[in-house]
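Here is a short briefing on one protein chain. Keep the sequence and the 3D view open while you read.

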Amino acid sequence: MDARETALLTLNACERQGGWSDGALKKQISAAGLDSRDAALATQLCAGVLQNQMLLDFYLAHFSNIPLKRMEGRVVQALRLGAYQMLFLDRIPHSAAVNRSVELTRAYCKNPRAAGMVNGILRSLERSLERLPTIPQRDPVEYLSILYSHPAWMVREFLLTLGNDGAAALLRANNAQPATAAQVNTLKINARELRLRLEERGVRAEKHPWLTDCILLSGTGNLEELPEFQAGLFYIQDPASRLAVAAAGPAAGMRVLDACAAPGGKSFAAAIAMGGRGTVCSCDLHPHKKKLIANGAARLGLDCVTPMTADACVHRPEWEGAFDLVLVDAPCSGLGVIRKKPDIRYKDPEPLAALPSVQRRILENVSSYVRPGGTLLYSTCTLLRRENEDVVSAFLEAHPQFGPEPFQLPGVPGAEGSSWMLTLWPHIQGTDGFFISRMKKREEAL
């Protein structure tokens, strides 16, 4: 099994079963026994097809007499893979892209005529690469939706918030490949020494342009096999998540609750910022996530992190007023991490309508755990106002004992000055899309 076959099976499984591509791809790569080079190509092909699926389908439809929706799923995926390689990958000969798609169709599709059809459609596309069909521009929603392969409802949301130019920049950024950000475990090593050690292993390690103790990695291969990773010298976390912890201001000796913690990055960032002195209660709803957090904390040597299984919606009387800082990284629609999970854009938007009520319920519950004078930090990895500003505004209106507490993040592009709410954008800061808000509980009741 090669990279293209692995990609086809992954994409087909995700479309049929509704699973996430990253998990499905890891299983397929493992089952196929791909080497690092083929694994990287399979990853690139899966991500590229998902990032450009609507655009690929737009072009393919112009060269097919049969609507794509009437074709067998694996036929459509073979067409998308071939088209993606021809349109976006310069180093792959067009003949190789077409021939392999035809071979995969012949191997996996029931209709004996499907292979010929795939060959004909892709050859027609190849002949037209210099004069591709024009995307209609009469409707900006339709145009941006097709060009950047985001559903129309999502494009409308971003147009309302950012305008045409801003929305286009965000959608374009969503289709870019983000760098792997490694946060340095400064309790064990400094950033300069870690960079030197990684570079000696052939890993490209660059300083983050504006975030201290953060290194951008490439050429790692299987990152978890690096001795420096196994020794707990760093952990992987997007700069946006670390900024949320920085905005919260954890300090040595604090009692911190990370209410929705898995996979544990914010707990680890808080513990390191605290110099390992204090306590971080790191909770998640799902029991298997407790082990994930425990393993990460043990690898990093963070003895002050205590993993627990706990439902952030269920009240625990013994925690009332017990914490100096409560972090709430609430479950959300995840529209800020489309760069890393491109298939988020294709999920059914209907269940998202219920999220704000869940977020308000979590915030309502865990706010009681903040001691008088303590801090409540609410964050999400989405960009929808109804899950962000609207949630915290409604919370503050209903809880006068809390008020906005400004924070500063020096050096962060577009975040100059002091505010108690901040949205980070992939096309501005180069981070995940992320919302951060900081609130303080008054020392005395009103």
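**A buried serine and the fold around it**

Start with Ser367, a buried residue with a relative accessible area of 4%. This is a predicted model. The chain has 446 residues, and 54% of them are buried.

**Ser367**
- Ser367 sits in the loop that links helix H15 (355–366) to strand E9 (370–380).
- Ser367 counts as buried because its relative accessible area, 4%, falls under the 20% cut-off.
- Setting aside residues up to four places away in sequence, Ser367 touches Leu376, Phe395, Phe402 and Lys441.

**The whole chain**
- The chain contains 16 helices and 12 strands.
- Its radius of gyration is 24 Å, close to the 22 Å that the globule rule gives for 446 residues, so the chain is as compact as a globular protein of that length.
- The C-alpha trace spans about 75 × 50 × 40 Å along its principal axes.
- Take the contacts with a separation of 6 or more: 72% of them join residues 24 or more positions apart.
- The accessible surface is about 20,400 Å². Carbon and sulfur atoms account for 49% of that surface.

**Nonpolar cores**
- In soluble globular proteins, nonpolar side chains tend to be buried together.
- The largest nonpolar core here has 59 residues. Phe158, Leu243, Leu302, Val305, Leu424 and Ile436 touch the most other members.
- Helix H9 gives the most to this core, with 8 residues.
- Which residues does Ile436 contact, leaving aside its neighbours within four places in sequence? They are Ala240, Leu243, Ala244, Ala247, Leu377, Tyr378, Ser379, Phe407, Trp420, Met421, Leu422 and Leu424.
- Another core, of 46 residues, lies apart from the largest one. Among its members are Ala42, Val75, Ile92 and Leu122.

**Cysteines**
- A disulfide is a covalent bond between the sulfur atoms of two cysteines.
- How many disulfides are there? The count is 0, with a cut-off of 2.5 Å between the two sulfur atoms.
- Cys304 is buried, with a relative accessible area of 8%.
- Cys332 is in no disulfide either. The nearest cysteine sulfur belongs to Cys381, 3.5 Å away.

- Most residues other than glycine have a negative phi, and most peptide bonds are trans.
- The peptide bond from Ala262 to Pro263 is cis, with omega near 5°. Pro263 lies in the loop between strand E5 (255–258) and helix H13 (265–273).
- Ser149 is not a glycine, yet its phi is positive, near 55°. Ser149 lies in the loop between helix H8 (140–148) and helix H9 (152–174).
- Is Ser149 buried or exposed? Ser149 counts as buried, at 0% relative accessibility.
- Asp213 is not a glycine either, and has a positive phi of about 55°. Its place is the loop between strand E2 (204–207) and strand E3 (214–218).
- Asp213 counts as partly exposed, at 30% relative accessibility.

Conventions:
Residues are numbered from 1 along each chain as its sequence is written. This is a predicted model: local features need pLDDT of at least 70, side-chain atom pairs count only at pLDDT 80 or more; totals for chains, interfaces and linings use all residues. Side-chain values use heavy atoms; hydrogens and water are left out. Buried means under 20% relative accessible area, exposed over 50%, partly exposed in between (1.4 Å probe, protein chains only). Helices (H or I, at least four residues) and strands (E, at least two) are DSSP runs, numbered from the N terminus. Contact means heavy atoms within 4.5 Å. A nonpolar core is a set of buried Ala, Val, Leu, Ile, Met, Phe, Trp, Tyr and Cys residues joined through side-chain atoms within 4.5 Å. The radius of gyration is taken over C-alpha atoms; the globule rule is 2.2 Å times the number of residues to the power 0.38. Accessible areas come from the Shrake-Rupley method with a 1.4 Å probe; for residues, only the protein chains shown count as cover.
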